[in-house]
Amino acid sequence: MEYIETLGCNAKNSAPFLAGCGAFNKNAALKEIAVSLTQNKKEIIEANRLDIENARKNGMSESLIDRLTLNEKRIEGMVEGVDKVVALDDPIGEVLGGSELPNGLRVVKKRVPMGVIGIIFESRPNVTVDAAALCFKAGNSVILRGGSDAINSNKMLVGLMRKAIAKAGAPEDCIQLVEDTSHETAEKLMRLNKYVDLLIPRGGGRLIRTVIENATIPVIQTGEGNCHVFVDESADVDMAVNIVNNAKTQRPSVCNAIESILIHENIAGEFFKKLDELWQGKVKILGDEATAKCISVEKLADDTDYATEFLDYKLSSKVVKGIDEAIAHINRFGTGHSECIVTKSLENAERFQREIDAAAVYVNASTRFTDGFEFGLGAEIGISTQKLHARGPMGLRELTSYKYLINGNGQIRG
């Protein structure tokens, strides 16, 4: 049996244990994970240091190295995420509906695990813990395939988690890591439909497109975030500058950071003056000619720039005539992730939220809040940008399915 098929078989064999495991036992295992992560911070940081050294040797940008980096604070954040998952109600076994048919059959619709979930993600080792904890609590075995850039960190994290759940009485193979980070092995995982019930890619546009084009397993599309802020004519300019600054610079390498701004022409001059005073060239702007008249731009923006997820201290900009143009632009170039309007107009706010096609649509708040933790879901598996089954931050319930349980007393169909 090939390496990747062995992982699939192991996951499939361990899934029934989790499907029948109660909340108390699952939480006990997750608590052991939290303890292990806390007790082994130094070992985790040392493994991560090797990944960072290799990343710098390979010329990785500092913004992407930030995504890769683990420190005590981020490890504590992972532990807090696990604790949040422990505190969440267990969705498995929830009765979603039911009825008694005229023929006496009793039908109950009940929430159940997916079974085996595959997660393919890039250089963010915190995803390793978030994904494992959520899948485990939702009763699913998980196969994790991270990027080669984070392989040392992921080996350490998965090793600690496997030992922790085994200590709590769960099969180690409920959580597995694909240690062969070759593209060939990743593609084999994408076609492992004999064992894997759902595949979730989490990362940039190229990764997501690769999975969609190659997978024979059902896929939930996540991650790519070409997010916008539209500053309306009635906006409080100071508020708008503050929101744009937070949404772009607080952590530019993540999917809910903005990549583009749209400014109403009547306040463009005032807005860009205050933004320039704040940024002083920190963020490179690729803008249209109207933007270039207000602030220094790196280049005049074209459609490629407006469609780009920079994940860096860079963004595209366009001055618009009003909300009609802003909505049309966002629905053309957005990726269905998170969009924001800054406005004092209730009418424009309601229209923006109604007509923008995205998973999360904000009025007067930073897009950086699109996050399972911030939404009260505990850790998240990713942000779904599609519309079937799951949309937005994916928590426990988005990792479940349902089945119908039918009880009778001898009924047959005529």
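Which residue in E4 is the bridge partner of Ile-119? The legends below take up this question and then turn to other parts of the model. The model is predicted, so local features are described where pLDDT is at least 70 and side-chain atom pairs count only at pLDDT 80 or more, whereas totals for chains, interfaces and linings use all residues. Residues are numbered from 1 along each chain as its sequence is written, and side-chain values use heavy atoms, with hydrogens and water left out.

**View 1. An open sheet of four strands with parallel pairing.**
The strands stand in the order E5-E4-E3-E6, where strands (E, at least two residues) and helices (H or I, at least four residues) are DSSP runs numbered from the N terminus. Two strands pair if DSSP finds at least two bridges between them, and strand E3 (residues 116-121) is joined to strand E4 (residues 141-145) in the parallel sense by five bridges. Within E4, Leu-144 is the bridge partner of Ile-119.

**View 2. An open sheet of three strands with antiparallel pairing.**
In this sheet the order is E1-E2-E16, and the edge strands, each pairing on one side only, are E1 (95-100) and E16. Neighbouring strands are turned by 20° against each other on average, direction ignored; the axes behind such angles are lines fitted to C-alpha atoms, for helices over the stretch in contact, and angles run from 0 to 180 degrees between N-to-C directions. Strand E2 (residues 106-113) and E16 run antiparallel and are joined by eight bridges, and Arg-106 stands opposite Asn-407 in E16.

**View 3. A nonpolar patch on the surface.**
Leu-96, Tyr-402, Tyr-404 and Ile-406 form this patch, which has about 400 Å² of accessible area together. Patches are made of residues with over 30% relative accessible area and no salt bridge, like charges being joined within 9 Å and nonpolar side chains (Val, Leu, Ile, Met, Phe, Trp, Tyr) within 5 Å. Accessible areas come from the Shrake-Rupley method with a 1.4 Å probe, and for residues only the protein chains shown count as cover. Strand E16 (residues 400-407) supplies the largest share of the patch, three residues. Tyr-402 is found in E16 and counts as partly exposed because its relative accessibility is 43%; buried means under 20% relative accessible area, exposed over 50%, and partly exposed in between.

**View 4. A salt bridge between Asp-303 and Arg-332.**
The closest N and O atoms of this pair are 2.8 Å apart, and a salt bridge is a side-chain nitrogen of Lys or Arg within 4 Å of a carboxyl oxygen of Asp or Glu. The pair links distant parts of the chain, with Asp-303 in helix H13 (residues 303-306) and Arg-332 in helix H14 (residues 323-333), 29 residues apart. Asp-303 is partly exposed because its relative accessibility is 40%, whereas Arg-332 is exposed because its relative accessible area is 56%. By this rule the count comes to 27 salt bridges.

Leaving aside neighbours within four places in sequence, Asn-27 is in contact with Val-86 and Lys-137, where contact means heavy atoms within 4.5 Å.

How values were computed:
Buried means under 20% relative accessible area, exposed over 50%, partly exposed in between (1.4 Å probe, protein chains only).
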